[in-house]
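Dear colleague,

I am handing over the structure below, together with the notes that I made while going through it. Please read the notes with the structure open beside them.

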Amino acid sequence: MMSEVMNNVLTRRSIRKYKPDMVPEDVLERIIQAGTYAATGAGKQSPIIIAVTNKELRDQLSAMNARIMGKDIDPFYGAPVVLIVLADRSKPTYIYDGSLVIGNLMLAAHDEGIGSCWIHRAKEEFESVEGKAILKSLGIEGDYEGIGHCILGYAEGDEPKAAERKKDYVYYIR
(Lines give C-alpha, C1' and ligand atoms only; values in the text may rest on other atoms or scores of the structure.)
Protein backbone atom coordinates (compact mmCIF):
# COMPACT_ATOMS: atom_id res chain seq x y z
CA MET A 1 0.00 0.00 0.00
CA MET A 2 1.40 3.39 -1.04
CA SER A 3 1.40 6.25 1.48
CA GLU A 4 -0.24 9.58 0.63
CA VAL A 5 3.17 11.25 0.73
CA MET A 6 4.69 8.77 -1.72
CA ASN A 7 1.63 9.02 -3.97
CA ASN A 8 2.04 12.83 -4.07
CA VAL A 9 5.75 12.51 -4.86
CA LEU A 10 5.03 10.13 -7.75
CA THR A 11 2.02 11.96 -9.21
CA ARG A 12 2.93 15.67 -8.97
CA ARG A 13 3.53 17.31 -12.33
CA SER A 14 4.51 20.80 -13.46
CA ILE A 15 1.44 22.63 -14.73
CA ARG A 16 1.83 25.12 -17.55
CA LYS A 17 -1.74 26.31 -18.12
CA TYR A 18 -3.94 27.77 -15.40
CA LYS A 19 -7.48 28.92 -14.82
CA PRO A 20 -7.76 32.49 -13.50
CA ASP A 21 -9.52 31.35 -10.28
CA MET A 22 -7.72 32.42 -7.10
CA VAL A 23 -6.44 29.82 -4.66
CA PRO A 24 -8.46 30.06 -1.40
CA GLU A 25 -6.61 31.80 1.44
CA ASP A 26 -6.73 28.79 3.80
CA VAL A 27 -5.32 26.49 1.11
CA LEU A 28 -2.58 29.01 0.29
CA GLU A 29 -1.66 29.26 3.98
CA ARG A 30 -1.27 25.47 4.28
CA ILE A 31 0.93 25.36 1.18
CA ILE A 32 3.11 28.18 2.50
CA GLN A 33 3.35 26.52 5.90
CA ALA A 34 4.73 23.39 4.22
CA GLY A 35 7.41 25.56 2.63
CA THR A 36 8.44 26.92 6.01
CA TYR A 37 9.03 23.36 7.24
CA ALA A 38 11.56 22.47 4.54
CA ALA A 39 14.91 21.25 5.78
CA THR A 40 17.57 23.96 5.92
CA GLY A 41 21.29 23.78 6.61
CA ALA A 42 21.89 23.68 10.38
CA GLY A 43 18.23 24.67 10.81
CA LYS A 44 19.14 28.30 9.98
CA GLN A 45 15.99 28.90 7.87
CA SER A 46 17.80 31.09 5.33
CA PRO A 47 14.87 31.35 2.86
CA ILE A 48 11.96 33.77 2.84
CA ILE A 49 8.73 33.44 0.87
CA ILE A 50 6.92 36.37 -0.70
CA ALA A 51 3.32 35.36 -1.46
CA VAL A 52 1.98 37.43 -4.35
CA THR A 53 -1.77 37.36 -4.98
CA ASN A 54 -1.98 41.01 -6.02
CA LYS A 55 -2.59 40.96 -9.79
CA GLU A 56 -0.71 44.19 -10.45
CA LEU A 57 2.48 42.97 -8.76
CA ARG A 58 2.04 39.49 -10.25
CA ASP A 59 1.86 41.05 -13.72
CA GLN A 60 4.87 43.28 -13.02
CA LEU A 61 6.90 40.22 -11.99
CA SER A 62 5.74 38.37 -15.09
CA ALA A 63 6.88 41.25 -17.31
CA MET A 64 10.26 41.42 -15.54
CA ASN A 65 10.72 37.67 -15.93
CA ALA A 66 9.73 37.77 -19.61
CA ARG A 67 12.25 40.55 -20.32
CA ILE A 68 15.03 38.49 -18.72
CA MET A 69 13.96 35.48 -20.79
CA GLY A 70 13.85 37.65 -23.91
CA LYS A 71 10.33 36.56 -24.86
CA ASP A 72 7.02 38.38 -24.93
CA ILE A 73 4.99 35.77 -23.03
CA ASP A 74 3.62 35.20 -19.54
CA PRO A 75 6.31 33.02 -17.93
CA PHE A 76 3.80 32.28 -15.14
CA TYR A 77 1.39 30.58 -17.57
CA GLY A 78 -1.62 32.49 -16.27
CA ALA A 79 -1.23 31.28 -12.66
CA PRO A 80 -2.87 33.75 -10.26
CA VAL A 81 -0.43 33.13 -7.37
CA VAL A 82 3.34 33.53 -7.37
CA LEU A 83 5.34 32.42 -4.35
CA ILE A 84 8.81 33.95 -4.61
CA VAL A 85 11.52 32.15 -2.68
CA LEU A 86 14.64 34.08 -1.83
CA ALA A 87 17.42 33.05 0.53
CA ASP A 88 20.07 34.77 2.61
CA ARG A 89 23.39 34.61 0.75
CA SER A 90 25.34 34.69 4.03
CA LYS A 91 24.30 31.09 4.76
CA PRO A 92 26.48 28.53 2.94
CA THR A 93 23.50 26.30 2.10
CA TYR A 94 21.14 29.07 0.93
CA ILE A 95 20.58 27.76 -2.62
CA TYR A 96 19.81 24.24 -1.39
CA ASP A 97 17.61 25.58 1.40
CA GLY A 98 15.53 27.64 -1.03
CA SER A 99 15.30 24.72 -3.44
CA LEU A 100 13.92 22.46 -0.72
CA VAL A 101 11.35 25.13 0.16
CA ILE A 102 10.13 25.15 -3.44
CA GLY A 103 9.98 21.35 -3.46
CA ASN A 104 7.83 21.37 -0.32
CA LEU A 105 5.58 24.08 -1.80
CA MET A 106 4.99 22.05 -4.97
CA LEU A 107 4.23 18.82 -3.09
CA ALA A 108 1.89 20.58 -0.66
CA ALA A 109 0.11 22.28 -3.56
CA HIS A 110 -0.43 18.93 -5.26
CA ASP A 111 -1.78 17.50 -2.01
CA GLU A 112 -4.30 20.38 -1.93
CA GLY A 113 -5.38 19.83 -5.56
CA ILE A 114 -3.52 22.94 -6.73
CA GLY A 115 -1.25 22.97 -9.76
CA SER A 116 2.30 24.30 -9.50
CA CYS A 117 5.46 24.86 -11.47
CA TRP A 118 8.95 26.09 -10.61
CA ILE A 119 9.81 29.17 -12.67
CA HIS A 120 13.40 30.39 -12.85
CA ARG A 121 14.95 33.85 -13.25
CA ALA A 122 14.13 35.08 -9.72
CA LYS A 123 17.88 35.63 -9.21
CA GLU A 124 18.05 38.08 -12.11
CA GLU A 125 14.74 39.73 -11.16
CA PHE A 126 15.87 40.57 -7.66
CA GLU A 127 19.36 41.65 -8.68
CA SER A 128 17.73 44.36 -10.82
CA VAL A 129 16.94 47.89 -9.66
CA GLU A 130 13.23 47.12 -10.09
CA GLY A 131 13.47 43.93 -8.03
CA LYS A 132 15.45 45.61 -5.26
CA ALA A 133 12.82 48.36 -5.16
CA ILE A 134 10.09 45.72 -4.66
CA LEU A 135 11.99 44.21 -1.74
CA LYS A 136 12.58 47.66 -0.23
CA SER A 137 8.87 48.52 -0.58
CA LEU A 138 8.07 45.37 1.41
CA GLY A 139 10.59 46.27 4.12
CA ILE A 140 12.83 43.32 3.25
CA GLU A 141 16.45 44.07 4.02
CA GLY A 142 19.48 41.85 3.73
CA ASP A 143 21.51 40.08 1.09
CA TYR A 144 18.86 37.86 -0.48
CA GLU A 145 19.16 35.97 -3.75
CA GLY A 146 16.10 34.92 -5.72
CA ILE A 147 16.03 31.13 -5.82
CA GLY A 148 12.86 30.67 -7.84
CA HIS A 149 9.13 31.17 -8.12
CA CYS A 150 6.53 28.57 -7.31
CA ILE A 151 3.45 29.47 -9.32
CA LEU A 152 0.11 28.16 -8.10
CA GLY A 153 -3.41 27.82 -9.45
CA TYR A 154 -6.01 25.45 -10.74
CA ALA A 155 -4.84 23.49 -13.76
CA GLU A 156 -6.65 24.13 -17.00
CA GLY A 157 -6.91 20.78 -18.75
CA ASP A 158 -5.45 17.43 -17.82
CA GLU A 159 -2.22 17.05 -15.89
CA PRO A 160 0.68 15.91 -18.05
CA LYS A 161 1.80 12.30 -17.88
CA ALA A 162 5.09 11.42 -16.24
CA ALA A 163 8.06 10.91 -18.50
CA GLU A 164 9.74 7.52 -18.38
CA ARG A 165 12.50 7.48 -15.79
CA LYS A 166 15.91 7.14 -17.42
CA LYS A 167 17.57 3.77 -17.01
CA ASP A 168 20.78 5.10 -15.48
CA TYR A 169 19.10 7.28 -12.84
CA VAL A 170 20.31 5.22 -9.88
CA TYR A 171 23.53 3.34 -9.26
CA TYR A 172 23.64 0.86 -6.40
CA ILE A 173 26.79 0.09 -4.47
CA ARG A 174 26.22 -3.00 -2.36
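Asp143 is partly exposed, with a relative accessible area of 43%, where partly exposed stands for the range between buried, under 20% relative accessible area, and exposed, over 50%, computed with a 1.4 Å probe and protein chains only. The side chain of Asp143 meets that of Arg89 in a salt bridge of 2.8 Å, N to O, a term that requires a side-chain nitrogen of Lys or Arg within 4 Å of a carboxyl oxygen of Asp or Glu. Because Arg89 lies in the loop between β2 and α4 and Asp143 in the loop between α6 (129-137) and β4, the pair ties together parts that are 54 residues apart in sequence. Arg89 is itself partly exposed, at 26% relative accessibility.

Before going further, please note that this is a predicted model, in which local features need pLDDT of at least 70 and side-chain atom pairs count only at pLDDT 80 or more, while totals for chains, interfaces and linings use all residues. Residues are numbered from 1 along each chain as its sequence is written, and side-chain values use heavy atoms, with hydrogens and water left out. Helices (H or I, at least four residues) and strands (E, at least two) are DSSP runs, numbered from the N terminus.

Arg89 also meets the side chain of Glu145 in a salt bridge, at 3.0 Å from N to O. This pair again links distant parts of the chain, with Glu145 in strand β4 and Arg89 in the loop between β2 and α4, 56 residues apart. Glu145 is buried, with a relative accessible area of 8%. Together with Lys123 and Glu127, the residues Arg89, Asp143 and Glu145 are linked in a network of salt bridges, and the search of the whole structure finds twelve such bridges.

Another of these bridges joins the side chains of Arg30 and Asp26, at 3.4 Å from N to O. Both residues lie in helix α2, four residues apart, about one turn of the helix. Arg30 is partly exposed at 38%, and Asp26 is likewise partly exposed at 45% relative accessibility.

Val27, Leu28, Ile31, Ile32 and Gly35 are the buried residues to look at in α2. They cover an arc of only 130 degrees around the axis, which puts them on the same side of α2, the arc being that of the directions from the helix axis to the C-beta atoms. What covers the buried residues of α2 includes β1 (47-52), β2, α4 and β4.

The largest nonpolar core has 21 residues, and those with the most contacts inside it are Ile31, Leu83 and Leu152; such a core is a set of buried Ala, Val, Leu, Ile, Met, Phe, Trp, Tyr and Cys residues joined through side-chain atoms within 4.5 Å. At least two residues of this core come from each of α2 (25-36), β2 (81-88), α4 (94-111) and β4 (144-153), and the largest share, seven residues, comes from α4. Not counting residues up to four places away in sequence, Ile31 touches Leu83, Leu105, Ala108, Ala109, Glu112, Ile114 and Leu152, where contact means heavy atoms within 4.5 Å. Apart from this core lies another, of 18 residues, among them Ile15, Tyr18, Leu61 and Ile134.

Tyr77 is found in the loop between α3 (55-69) and β2 and is partly exposed, at 32%. Leaving aside neighbours within four places in sequence, Tyr77 is in contact with Ile15, Arg16, Lys17, Tyr18, Ile119 and Ile151.

Finally, Thr40 sits in the loop between α2 and β1 and counts as buried at 17% relative accessibility. Its side chain reaches the backbone nitrogen of Lys44 at 3.4 Å, and a polar atom of the Thr40 side chain lies 3.0 Å from the backbone nitrogen of Gln45. Beyond its neighbours within four places in sequence, Thr40 is in contact with Gln45, Ser46, Pro47 and Asp97.

With best regards

Notes:
Polar contact = N/O pair within 3.5 Å; in protein donor to acceptor, adjacent residues only side chain to side chain.
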